[in-house]
Amino acid sequence: MKTNLITRAGFDKLQQELDFLWRTERPEVTRKVTWAASLGDRSENADYQYNKRRLREIDRRVRYIRTRLESVRIVDYSEVQEGRVFFGAWVRLVDDETSLTFRIVGPDEIYERKDFVSIDAPVARACLKKEPGDEVSVRTPTAEKLWWIDQVWYEENGSV
């Protein structure tokens, strides 16, 4: 089950994707389907079949985004979060050999960003409410990993 939290920047990005799909891409694909259908035999018409499939994909994504936008709760930055790990925080974890830096965001925001981690991820859950210097233990499929929180920071405007 996905957590229904999202940052302001993530909400805006989903809204922009919805606007693009609905106002730009869908009308263009619909024109292509209409044109391809006017050519006659649809069973062997690759343009018709491809664009009809693409139209279904767009419609499915539009339905998903609309549903998510209605159900998510936007979490904005608050000064009381400073110094502790909460939703929207950038966190730097260190151990004896490596360091790991990531931002804790909603599950809809992690795609296309390697430095974003869903709040539902074990490493994010282990970090919540901790402060710099605290120990974080994360169970992985192979072992239990021990980290220390080196740094926690927030970006007030929510963008990165």
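User: In strand 4, which residue is the bridge partner of arginine 92?

Analyst: The partner of arginine 92 is threonine 101 in strand 4. Strands here are DSSP runs of E with at least two residues, helices are runs of H or I with at least four, and both are numbered from the N terminus. This is a predicted model, in which local features need pLDDT of at least 70 and side-chain atom pairs pLDDT 80 or more, while totals for chains, interfaces and linings use all residues. Residues are numbered from 1 along each chain as its sequence is written, and side-chain values use heavy atoms, without hydrogens and water.

User: How many bridges pair strand 3 with strand 4, and in which sense?

Analyst: Two strands count as paired if DSSP finds at least two bridges between them. Strand 3 (residues 90-94) and strand 4 (residues 99-105) are antiparallel, with five bridges. A hairpin of four residues connects strand 3 to strand 4. Strand 3 also runs antiparallel to strand 7 (residues 144-153), again over five bridges. There, valine 91 faces valine 152.

User: How many salt bridges does a search of the whole structure find?

Analyst: Side chains of opposite charge can pair when their charged atoms come close. The criterion is a side-chain nitrogen of Lys or Arg within 4 Å of a carboxyl oxygen of Asp or Glu. The search finds 13 salt bridges. One of them joins arginine 8 and aspartate 76, at 2.8 Å from N to O. Arginine 8 belongs to helix 1 (residues 8-38) and aspartate 76 to the loop between strand 2 (73-74) and strand 3, 68 residues apart.

User: Which residue forms a salt bridge with lysine 32?

Analyst: Lysine 32 pairs with glutamate 28, with closest N and O atoms 3.6 Å apart. Both residues lie in helix 1, four residues apart, or about one turn of the helix.

User: Is arginine 68 buried or exposed?

Analyst: Buried means under 20% relative accessible area, exposed over 50%, and partly exposed in between, with a 1.4 Å probe and protein chains only. Arginine 68 has a relative accessible area of 8%, so this residue is buried. Aspartate 108 is also buried, because its relative accessibility is 14%. The closest N and O atoms of the salt bridge between arginine 68 and aspartate 108 are 2.7 Å apart. Arginine 68 is in helix 2 and aspartate 108 in the loop between strand 4 and strand 5 (116-118), so the pair ties together parts 40 residues apart in sequence.

User: How does lysine 32 count, at 37% relative accessibility?

Analyst: Lysine 32 counts as partly exposed, because its relative accessibility is 37%. Glutamate 28, at 36%, is partly exposed.
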